[in-house]
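This report covers one protein model. It starts with the overall fold and then turns to individual helices.

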Amino acid sequence: MIRIVALASVWAVMVGTAWAIDPEPPFEDPELEAQYQSLIDEVRCLVCQNQTIADSNAPLAADLRREIREMMGEGASRGEVVDFLVARYGDFVLYRPRFQPSTWALWGGPAFFMILGMVVFARILRGRMVQPLDGEEPP
């Protein structure tokens, strides 16, 4: 029984490395590898739409990782890679889209609804403050 568990553990480790999402070898420059990793953690998988391309094993995500790796290997800056992705797939491809007129609602929406909620809460609270408590006469 112990042999079976040991063999299963070894098999799981060997198979786990075979199923790695990004099989490409890392860049020799650690700074470039760090930039690559941070960029693929910020790009949305267009097939999964709820994962980054670093986490996705969809074929499109693999193609995007390969394209980004090639561009960065050829000397393209992070901004150039992001511009390429946005030009090709739109702002949706980024988890943190740029602040521009087409994304103002996306960035300002949470603040607007927070302020609106505070105003509604203040009005309700103010209305309840003038109501009499149980057993009291109204002023």
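## Overall fold

Along the sequence, the protein reads α-α-α-α-α. That makes five helices and zero strands. The model is predicted.

Of the 139 residues, 22% count as buried. The protein exposes about 10500 Å², with carbon and sulfur atoms supplying 63% of that area. Among contacts with a separation of 6 or more, 47% join residues 24 or more positions apart.

## Helix H2: one buried face

Helix H2 spans residues 30-40, and its buried residues are Glu33, Tyr36, Leu39 and Ile40. Viewed down the axis of H2, these buried residues fall within an arc of 130°, so they line one face of the helix. An α-helix has 3.6 residues a turn, so residues three or four places apart point the same way.

What do the buried residues of H2 pack against? Their partners are helix H3 (59-73) and helix H4 (78-89). The face of H2 turned away from the buried side carries the exposed residues Pro30 and Glu31.

Helix H5 covers residues 104-129, 26 residues in total. From its first C-alpha to its last, H5 reaches 37 Å. That is close to the 38 Å expected at 1.5 Å a residue. Where does H5 bend? The bend is at Pro110 and is about 30°.

Is H5 mostly buried or largely in the open? Of its 26 residues, the number buried is one, so H5 lies largely in the open. Buried here means under 20% relative accessible area.

Key:
Residues are numbered from 1 along each chain as its sequence is written. This is a predicted model: local features need pLDDT of at least 70, side-chain atom pairs count only at pLDDT 80 or more; totals for chains, interfaces and linings use all residues. Side-chain values use heavy atoms; hydrogens and water are left out. Helices (H or I, at least four residues) and strands (E, at least two) are DSSP runs, numbered from the N terminus. The expected span of a helix is 1.5 Å times one less than its number of residues. The bend at a residue is the angle between axes fitted to the seven residues ending there and the seven starting there. Buried means under 20% relative accessible area, exposed over 50%, partly exposed in between (1.4 Å probe, protein chains only). The arc is that of the directions from the helix axis to the C-beta atoms. Contact means heavy atoms within 4.5 Å. Accessible areas come from the Shrake-Rupley method with a 1.4 Å probe; for residues, only the protein chains shown count as cover.
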